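Welcome, and thank you for opening your viewer. This tour goes from stop to stop, telling you what to select and what you will find there.

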Amino acid sequence: MMATLQNPLTFKECLDRARAESSMDRSTGSLGKPAWIEENNDMNALWAGKISFHRLSSLKNEKFVKLAAADFEFRQSIYKNEMAKLKSWCQKWGLSDIGFGREKTMYCYFAISASLSLPFDSDIRMMVAKSAILMTVADDFFDMAGSLNELNILNDAVRRWDAKGLSGHCKVILYALDNLVKETSEEHIQQYGTDITSYLQEIWGETFASWLVEAKWSKSGYLPSMDEYLRTGMTHTLVLPASCLLKSALPNSKISPAAEYETVTKLVMLIPRLLNDVQSYQKEIEDGKMNSVLLYMKENPGADIDDSIAFVRELLDKKRKELLKHALMDGFSDLPIASRHLHLSCMKVFEMFFNSSNRYDSNKGMLQDIQKAIYIPLHVGTSKPLIPLPNFDFGSKKEFQTITSHQFVRPFKHKNKRIIGYQTSLPIARREYANYMFITPNFRRSFA
């Protein structure tokens, strides 16, 4: 038997694989399976082998469908339970009815669960979802609800990690944030015996400081340079704390803002910003905010909106490829492979929200998907019996001709080896019957 040589994936193969995994049709992972299970329950199943198709019996097909349904229902019960806990946490800390901005508890959990599906631990999914909810609430507060004085006070309180003197929305945000950081730190102490509280506080402090900078830009009318603007993306608060709870521990130096972040982390901070900008520039024009699409036109007076979008998309494609290289290939990052894959999953969350439109800001754009994935039970009936194959009558021999030919192919070289080819064509049905034409392809046999 010939042994199979297991070669490392090339960059192109990694890129092709990640593109396929990142597509919208597959981005929901196991959460996107109920429709397929329901639609294919009564099919006459074919299993595609390497060289042929094997038809499954009705009994086997029904067993496979039941197994798929049981697997999905088991996962659905886990996600439903986690969603209930997440909603309870938001209500406990006052985030669900804070009174302004976007309430995106279900959106955050759905997108993160689709990208961080089993076997990732529940603790990681819950922590990333809580972080995403807090980021949404705090970002909206800096964008629309808080005065500049309130924003300065909140930013200073986060920097000191002290809620003294806070009230109203500022107090709610910091109390919820403090609870999240304590939960994460306690879990890390249990797993690894070290306290990372100060590192997590620094990461969130860096994030709030960037929001304050953007708020000052917006309220003063200041137009930053493209480089200034792109440096303020802070989605690393989703991925770095979660990386600390993976089985392969993340060194503390990799989560400290005092040290330079890994390239893969910087890319996760940049790509979501570009994705959002391409889909949200019209809304941000109305809100008086700046983004990369509008800044490009400012720095290039001869460019129109289409030129600007094309530039950002080209930059986005380049950064995507760079992220895939750092996340999937060895030798480009010192982060553990589990952390690198978590970075890639984080990018898939934002691809789901902003790949073709701004689904995150839509109130109903994802609700149907969420209901089907987490709450609506599967409807799987009994498989239909197999449809018997038709008994074709091809008529006389004259009507059913067989043409067989043999032909040697001129020798040629491949990888310094002399190849001799032998080509044959197998029987071909020349008569159409019931709209069927049977044509067997030619085969070429090669000998080295």
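Which side chain does a polar contact of 2.7 Å join to that of Glu82? Select Glu82 and Ser122 together: their side chains are joined by that 2.7 Å polar contact. A polar contact here is a pair of N or O atoms within 3.5 Å; within protein, one must be able to donate a hydrogen and the other to accept it, and residues adjacent in sequence count only if both atoms are side-chain atoms.

Before moving on, a word about what is on your screen. This is a predicted model, in which local features need pLDDT of at least 70 and side-chain atom pairs count only at pLDDT 80 or more, while totals for chains, interfaces and linings use all residues. Residues are numbered from 1 along each chain as its sequence is written, and side-chain values use heavy atoms, with hydrogens and water left out.

**Stop 1: around Glu82**

Stay with Glu82, which sits in helix H3, residues 58-92. Helices (H or I, at least four residues) and strands (E, at least two) are DSSP runs, numbered from the N terminus. Glu82 counts as buried because its relative accessibility is 3%; buried means under 20% relative accessible area, exposed over 50%, and partly exposed in between (1.4 Å probe, protein chains only). Now show what Glu82 touches: Tyr109, Ser122, Arg125 and Met126, not counting residues up to four places away in sequence. Contact means heavy atoms within 4.5 Å.

**Stop 2: the whole protein**

Zoom out and switch to a cartoon view. Of the 448 residues, 42% are buried. Among contacts between residues at least 6 apart in sequence, 70% join residues at least 24 apart.

**Stop 3: the largest cavity**

How many cavities of 30 Å³ or more does a search of the whole structure find? There are two. On a 1 Å grid over the protein atoms alone, a cavity is a set of points where a 1.4 Å probe fits but cannot get out, and lining residues have an atom within 4 Å of a point. Grid points are joined across faces, edges and corners, and a volume is the space filled by probe spheres set on the points.

The largest cavity holds about 70 Å³ of space. To find it, select its lining: Ile112, Leu116, Val128, Leu238, Val239, Leu342, Ser345, Cys346 and Val349. Helix H10 (236-243) and helix H14 (337-354) are the elements that give two or more residues to this lining, and H14 supplies the largest share, four residues. Colour the lining by class and you get eight nonpolar residues, one polar and no charged. In this scheme Ala, Val, Leu, Ile, Met, Phe, Trp, Tyr, Cys and Pro count as nonpolar, Asp, Glu, Lys and Arg as charged, and the others, Gly among them, as polar.

**Stop 4: the second largest cavity and Leu200**

The second largest cavity has a volume of about 40 Å³. Select Met127, Ser131, Leu180, Val181, Thr184, Leu200, Trp204 and Pro241 to see its lining. Helices H5 (122-145), H7 (168-192) and H8 (197-220) each give two or more of these residues, with the largest share, three, coming from H7.

Next, pick out Leu200 from that lining. Leu200 lies in H8 and counts as buried because its relative accessibility is 2%. Beyond its neighbours within four places in sequence, Leu200 is in contact with Val181, Thr184, Ser185 and Pro241.

**Stop 5: helix H12**

Select residues 292-299, helix H12, where Ser292, Val293, Leu294, Leu295 and Tyr296 are buried. These buried residues pack against helix H9 (226-230), helix H11 (263-286) and helix H13 (305-328). At the start of H12, look for a side-chain oxygen of Asn291 that reaches to within 3.0 Å of the backbone nitrogen of Val293.

**Stop 6: Trp161**

Finish at Trp161, in the loop between helix H6 (148-160) and H7. Trp161 is not a glycine, yet has a positive phi of about 50 degrees. Is Trp161 buried or exposed? Trp161 is buried, with a relative accessible area of 16%.

Notes:
1 Å grid on protein atoms, 1.4 Å probe; cavity = no way out; pocket = protein on both sides within 12 Å on 5 of 7 lines; lining within 4 Å.
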